[in-house]
Amino acid sequence: MIIFLLFISFLGSLVAMAKHYETFYAGPVSHNFDGARFYLKGHDSRLSVRKMIDFFLARPSVPEWHYQHIKTKKPAASVEKLRLTNIGHATFLIQTNNVNILTDPLYQDYLGPSFPDVIPKRAITPGVLFEDLPSIHLVLITHDHQDHLDFDCVRKLAYKHNPVFCVPLGFKSLFFQNGIPIARVVEMDWYTTYRFNDTIQIFFEPAYHWCGRNFVFDKNKRLWGSFLIKNKTDTLFFSCDTDSFDGKIFEDIHKRFSPIKIAFLSIGGYKPCLFWNSVHANPCKIMNIHRMLNPQWSVAMHYDTYQRIADEAYKEPEQKIKQLEQEQNTNNFQWIPIGQSWDVP
């Protein structure tokens, strides 16, 4: 097993070297860019090679998840009020004011080469089949990790739906190099706004996370972040993967955007803490983020879709959040099963 993992690491290094021709963001030094890499002042998101080796060599044996074939249904072409459909992981269809928004679109079976028992693999049917998607007008992508940026899916969306893509700084060159048209790609820096139409505005905010497709040459050479969506009456917060850290980001978002109707929060991917602690939030931290944002409802995402992203057991994140809700006497987490929709009152 150790030899196999070393071989995979060697292949990864070759791929990284082959991709080193990539162009990255090349803008002026700013509040979050030092001329070469992006950063969030005070937050250390480094995942060292030693941590990665320890993570793979010391991974516990987690029972295999059984693949679930769920019955899917075709969503409505448009919705006037607010409807949320869980497609799986961080992929949601948000329908409001007759605009269809897709978040972090992901339809892959494997998050990388299909090596059994090593690479994270899908454990449930996508909640909406790609061919059943309604016309997609707007796509939001929080960062470039394999489980949030599916090039095949983005390419098909571009050619079939021709949506506007709201992405972090540095993504245009990445899209171009992967055969994705960039005419309708809007790059956003933290604290900037994009007005889609008279009723929909998009805001881009920081997150306690990082960026990088190959872990070697491109670490933080593209930006990452969370989105806020404002329609006629409501504000929705769509979180990037994030730690809670000192909480200042969330306190600031609450101060500037409150009241928040919906907060989409990534609840999975936190074990082992030694590896994920500074970039993903465990259930206790998720509850802290929930309290700081103080939304009317939080919607859980980023769990029970891909096995082997992290080491928690199937259903563990949901069970722990529900336990904490009971202990803290709160019940405003909304659980939308994959393939199901919720008409927000």
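Modeller: The buried residues of α3 pack against β3 (99–103), β5 (138–140), β6 (164–168) and α4 (171–177). This is a predicted model, in which local features need pLDDT of at least 70 and side-chain atom pairs count only at pLDDT 80 or more, while totals for chains, interfaces and linings use all residues. Residues are numbered from 1 along each chain as its sequence is written, and side-chain values use heavy atoms, with hydrogens and water left out.

Colleague: Which residues of α3 are buried?

Modeller: In α3 (residues 151–160), F151, C153, V154, L157 and A158 are buried. Helices (H or I, at least four residues) and strands (E, at least two) are DSSP runs, numbered from the N terminus.

Colleague: What puts them on the same side of α3?

Modeller: They cover an arc of only 160° around the axis, so they lie on the same side of α3; the arc is that of the directions from the helix axis to the C-beta atoms. The face turned away from the buried side carries the exposed residues Y159 and K160.

Colleague: Why is T91 called buried?

Modeller: Buried means under 20% relative accessible area, exposed over 50%, partly exposed in between (1.4 Å probe, protein chains only). T91, in strand β2 (residues 91–96), has 0% relative accessibility and therefore counts as buried.

Colleague: What does the side chain of T91 reach at 2.7 Å?

Modeller: The T91 side chain reaches the backbone oxygen of D104, which is a polar contact (a pair of N or O atoms within 3.5 Å; within protein, one must be able to donate a hydrogen and the other to accept it, and residues adjacent in sequence count only if both atoms are side-chain atoms). A polar atom of the T91 side chain also lies 3.2 Å from the backbone nitrogen of L106. Leaving aside neighbours within four places in sequence, T91 is in contact (heavy atoms within 4.5 Å) with residues including T85, N86 and L102.

Colleague: What is the backbone of D104 like, and is D104 buried or exposed?

Modeller: D104 has a positive phi of about 30° although it is not a glycine. At 0% relative accessibility, D104 is buried.
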